[in-house]
Amino acid sequence: MAGKTLYDKLWEMHEVKRRDDGSSLIYIDRHILHEVTSPQAFEGLRLAGRKPWRIDANIATPDHNVPTTKKERDGGIAAIADNVSRIQVQTLDDNCDEYGILQFKMNDVRQGIVHVIGPEQGATLPGMTVVCGDSHTSTHGAFAALAHGIGTSEVEHVLATQCLVAKKMKNMQVRVEGKVPAGVTAKDIVLAIIGKIGTAGGNGHALEFAGSAIRELSMEGRMTLCNMSIEAGARVGMVAVDQKTIDYVEGRPYAPKGADWDAAVAAWQDLVSDADAHFDTIVEMRAEDIIPQVSWGTSPEMVLPVDANVPDPEKESDPTKRDSITRALKYMGLTANQAITDIKVDRVFIGSCTNSRIEDLRAAAAVAKGRKVASNVIQALVVPGSGLVKKQAEEEGLDKIFLEAGFEWREPGCSMCLAMNPDKLGSGEHCASTSNRNFEGRQGNGGRTHLVSPAMAAAAAVKGHFVDVRELMNEGA
Amino acid sequence: MKAFTQHQGLVAPLDRANVDTDQIIPKQFLKSIKRTGFGPNLFDEWRYLDEGQPDQDNSQRPINTDFVLNQPRYQGASVLLAQENFGCGSSREHAPWALEEYGFRTIIAPSFADIFYNNSFKNGLLPIELTADEVNELFAQAEAVEGYQLTVDLAAQTVTRPDGVQYSFEVDAFRKHCLLNGLDDIGLTLQDAELIREFEVGYKKANPWLFGAL
């Protein structure tokens with residue numbers, strides 16, 4: 001009999017019951033809540049006269065529509081100018097207070113983007129099932145956790161029962177072997193994977209990233225990778241446990257201590273796919289072939305190496321794809337065959353659950369250092385992923401580097417990734433963004449998003465157009 | 001939840017692949033703490049020519065007459081015909097809420113994104129996967145014939161064309177059962193509360209570090 005994949009193991013550990021109809025009850029270890037997708041779930045709970053099953057499995061923080069300017073933040077919730085946003089943030093507070101759920105409130109230094117604070121606090125641990133009403137919950141799979149986004153009905157279901165009804169998915173492995181060239185990051189790897197398998201490529205699959213190039217990545221790089229598995233259609237993305245995983249978790253505020261720690265570490269050693277495990281789908285890529293990536297269109301699969309030209313719909317034979325290319329070029333204000341490096345940027349956004357951790361900020365600062373934001377760039381935002389990331393960056397002097405270069409240094413939150421707060425693109429504006437989605441209007445009505453790594457975003461900010469960041473690295477500051 | 005058994009309705013063809021949930025309901029409308037009120041803002045950026053805001057009187061806004069749902073022949077549509085990977089992107093359940101409130105009871109496409117597919121069943125909205133060829137035939141017919149209607153039978157798992165041609169589709173037994181009966185799946189899960197408690201005891205013994213840390 002074939003061995004088990006990491007996903008098979010995680011599934012079996014958490015399967016409470018297999019029903020006759022093929023669905024299963026899966027036990028949930030960690031439930032992360034934020035202000036946007038939870039209010040209706042708490043309301044549903046109340047209307048049905050139900051109570052949360054296990055309070056200590058839940059952790060909450062507001063992130064999606066908190067303001068990121070210091071002035072608006074300093075006034076607390078009452079000072080949030082947008083009336084509807086204020087009510088939503090207040091409602092999370094009220095719900096967490098009512099049920100005694102641990103929340104890092106808006107101006108707590110531990111507040112931040114849900115997918116940054118979980119790992120940062122040790123609230124995300126290897127072997128856990130982690131869910132949150134947010135599709136980028138796949139991020140936590142970097143810890144060999146079974147983590148995925150859920151809808152609001154399921155948020156209510158988890159609150160009420162500590163379980164989800166699920167059906168086992170297929171196993172997919174994306175194997176990246178070799179060594180990426182200098183200046184190529186986890187973001188470039190995952191964009192290249194999405195470009196290859198497409199935005200529906202992982203539908204119905206739990207995706208495990210493997211291979212020497214993946215093992216080489218830091219935990220933060222692995223989080224970036226797993227974060228965007230959903231953009232390849234896979235709601236679950238995972239990386240097996242190794243020493244890096246354990247070293248990252250050790251000593252975090254909510255990580256196990258003492259004898260518990262030793263027992264946990266021993267148990268986590270098994271969180272790898274067996275050598276003879278069966279995968280339904282395997283995709284192989286060479287790391288050496290990946291160079292910095294830039295998305296040009298309105299779906300994350302519309303992505304190319306920075307030295308490429310945007311596609312020509314005339315050369316596409318499939319009519320649906322041809323229409324998609326034509327529509328995307330029109331929306332993005334680009335002409336067929338235009339060089340990616342000829343695309344000028346109006347705004348730059350460095351942040352989001354994909355790329356707002358300390359290593360991301362260091363990589364961007366290394367490019368920004370001693371340079372200035374180009375005159376055609378209206379705004380360049382740096383939004384740390386949490387209060388603690390912000391504090392760490394300030395201790396390292398990264399804030400000063402950004403400010404001297406002409407970037408704005410903001411308070412933590414989701415910000416311009418989805419523009420629910422005041423940070424957004426104007427219509428027609430091109431943005432070099434370290435976020436995860438380049439959908440029409442995602443960063444503001446009519447806005448044009450180009451997904452890139454933090455270093456590539458900083459490079460675009462100082463040059464005013466897309467450029468291979470490796471050229472800047474070679475010329476030095 | 002509203003039960004879904006059989007439905008016959010007017011078909012609206014939305015001929016785009018990878019329609020994402022940001023398109024279905026843009027982010028500015030997610031600030032609501034209610035489950036209702038999203039219908040008028042379904043496909044907001046495609047339906048209207050201006051930028052929509054929450055709590056706005058949508059009847060006063062300029063309409064994009066090119067958009068399929070704004071065409072007179074598709075008024076009252078309750079069957080949405082779509083292309084591959086419908087509902088990709090964000091997990092927002094506001095997307096099925098908006099579609100359902102607008103009046104759609106079922107969506108037919110070659111494929112759906114996983115989270116959207118799952119969310120739809122929780123809201124009385126039936127996502128139906130047919131083959132790409134079958135969907136393309138339906139697109140051709142729906143565009144050619146004004147007033148084109150389809151009949152969906154969940155119990156029989158069939159989609160029937162006006163000319164009598166029938167397609168069958170797959171659906172999980174559990175989801176089908178819940179949707180046919182309009183069942184609250186939290187209530188169903190809680191029937192196993194004892195089993196969950198038992199599991200928890202053994203699980204906590206094996207993994208004590210997963211309990212009580214927060």
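**From one residue to the interface**

Reply: Val155(A) is found in helix H6 of chain A, where helices (H or I, at least four residues) and strands (E, at least two) are DSSP runs numbered from the N terminus. The model is predicted, so local features need pLDDT of at least 70 and side-chain atom pairs count only at pLDDT 80 or more, while totals for chains, interfaces and linings use all residues. Residues are numbered from 1 along each chain as its sequence is written, and chains are lettered from A and ligands numbered from 1 in the order in which they are written.

Me: Is Val155(A) buried or exposed?

Reply: A residue is buried if 20 or more other C-beta atoms, placed from the backbone, lie within 10 Å of its own, exposed if 12 or fewer, and partly exposed in between. Val155(A) is buried, because 28 other C-beta atoms lie within 10 Å. In chain A, buried residues make up 61% of the 477 residues.

Me: Which residues does Val155(A) touch, not counting residues up to four places away in sequence?

Reply: Two residues are in contact if their C-beta atoms, placed from the backbone, lie within 7 Å. On that basis Val155(A) touches Thr37(A), Ser38(A), Ala41(A), Gly133(A) and Ile150(A), with residues up to four places away in sequence left out. The C-alpha atoms of Val155(A) and Pro39(A) are separated by 9.8 Å, although the two are 116 residues apart along the chain.

Me: How many residues of chain A are in contact with chain B?

Reply: The contact joins 63 residues of chain A to 54 residues of chain B. H6(A) gives the most to the side of chain A that touches chain B, with six residues.

Me: How is that side of chain A divided by class?

Reply: Ala, Val, Leu, Ile, Met, Phe, Trp, Tyr, Cys and Pro count as nonpolar, Asp, Glu, Lys and Arg as charged, and the others, Gly among them, as polar. The side of chain A that touches chain B has 24 nonpolar, 26 polar and 13 charged residues.

Me: In chain B, which strands pair with S2(B)?

Reply: Two strands pair if DSSP finds at least two bridges between them. S2(B) pairs in the parallel sense with strand S1 (residues 6-14) of chain B over four bridges, and with strand S3 (residues 106-109) of chain B, also in the parallel sense, over three bridges. Val79(B) is the bridge partner of Val11(B), and Thr106(B) in S3(B) is the bridge partner of Val79(B).
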